[in-house]
Amino acid sequence: MTEVKDNPLVKRSHGGILHLIWKHRMVYTLLLPGLIWYIVFAYGPMGGLQLAFKTYRASEGIWGSPWAGLKNYERVFGDPAFWSAVFRTLYINIGRLIFQFPIPIILALLLNEMKFVKFKKVVQTVFTFPHFLSWIVVASILTNMLSLDGLVNNVLAAFGMERISFLGSPSIFQPMLYITDAWKSAGWGAIVYLAAISGVDTDQYEAAEIDGASTFTKFTKITIPMLKPIILFTTITSTIGTLQLFDEVVNITGGGPANATITLSQYIYNLSFKYSPNFGYAAAVAFVIVIAIVILSIIQMKVGGKDND
């Protein structure tokens, strides 16, 4: 009995988690502020998810509002405006993957081939700077340049050409969004890819050169396979970012003209604050988007994992 009682493993099991916390109390003390912040601001608001299953009444609050069951979700899947925002958001995401996705990779490859270090740093700075501009600033620049009385239209008018409504045309909005987003994010994305490229073993390139491999062959057979994990990561984050697309649209077009550029995130915002407020329905739409993000992320990780195998 004495041997069992004095066994350190048994003592540790009796002390359990509290024993370990006290043993490492200084570490947990440093961790406590961040943990409290995370619980209050990340997990605390999750109580609001119940709004998706309620008919919210401001006078009764979140907890006192009557339950609506799945009525909000029935309305979501039968709402033409919701599906319009879904297809528009997915269309933007597909366009981003096709037109914007290669730009940071190409830029990273070009930067990697530069031999003059000072010039390389200047180019990196020039391309990375737009990333730190807020979309409000970018939208102001676009408005001053592309509005009907902006710089571009004034130049067109000076040459006797007809003014173009860049900000009021749904067909022009899509390419304009791709161009501005690529201009703003390409430099930052190139840094991520450049870091991954610099981590590739140079012996592989040297061996390929000895075998007579061309630059294109080295890119397709060495660089791209080594970049697959980063490509998968950026694809997932790009998809999530597109489903949360808000700042760009709100600041550039405001969802117009005639609601032709409204995305899912702006649709939720309009339901909550712009139209007659319907927090229960808006929460249901947001919850559907979260589920969609999780499903798309899992699919992309499965596909990417198979390719890496």
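Tutor: About 490 Å³ of space lies in the second largest pocket. Its lining has 17 residues, and the closest to its centre are Asn 112, Glu 113, Tyr 205, Lys 218 and Thr 223. This is a predicted model, in which local features need pLDDT of at least 70, side-chain atom pairs need 80 or more, and totals for chains, interfaces and linings use all residues. Numbering starts from 1 along each chain as its sequence is written, and side-chain values use heavy atoms, without hydrogens and water.

Student: What makes a space a pocket, and what makes a residue part of its lining?

Tutor: A pocket is an open set of points on a 1 Å grid where a 1.4 Å probe fits, with protein on both sides within 12 Å along at least five of seven lines; a lining residue has an atom within 4 Å of a point. The volume is the space filled by probe spheres set on those points.

Student: Which helices supply at least two residues each to the lining of the second largest pocket?

Tutor: They are H7 (102-113), H11, H12 (202-210) and H13. H13 gives the most, with five residues. A helix here is a DSSP run (H or I, at least four residues), numbered from the N terminus.

Student: Why are H12 and H13 called roughly antiparallel?

Tutor: Their angle is about 150°, and their axes lie 11 Å apart. Angles over 145 degrees count as roughly antiparallel, and H12 and H13 are therefore given that name. The axes are lines fitted to C-alpha atoms over the stretch in contact, and angles run from 0 to 180 degrees between N-to-C directions.

Student: Which residues make H12 and H13 meet?

Tutor: Gln 204, Tyr 205, Ala 208 and Glu 209 in H12 meet Lys 218, Ile 222 and Thr 223 in H13. By class, three are nonpolar, two polar and two charged. Contact means heavy atoms within 4.5 Å.

Student: How do you know how many residues of each class line the largest pocket?

Tutor: Ala, Val, Leu, Ile, Met, Phe, Trp, Tyr, Cys and Pro count as nonpolar, Asp, Glu, Lys and Arg as charged, and the others, Gly among them, as polar. On that basis the lining has 11 nonpolar, eight polar and four charged residues. The largest pocket has a volume of about 650 Å³. Among its 23 lining residues, the closest to the centre are Asp 181, Ser 185, Thr 234, Thr 237 and Ser 238.

Student: Which helix gives the most to this lining?

Tutor: H11 does, with nine residues.

Note on methods
Angles under 35 degrees count as roughly parallel, over 145 as roughly antiparallel, 65 to 115 as roughly perpendicular and the rest as oblique.
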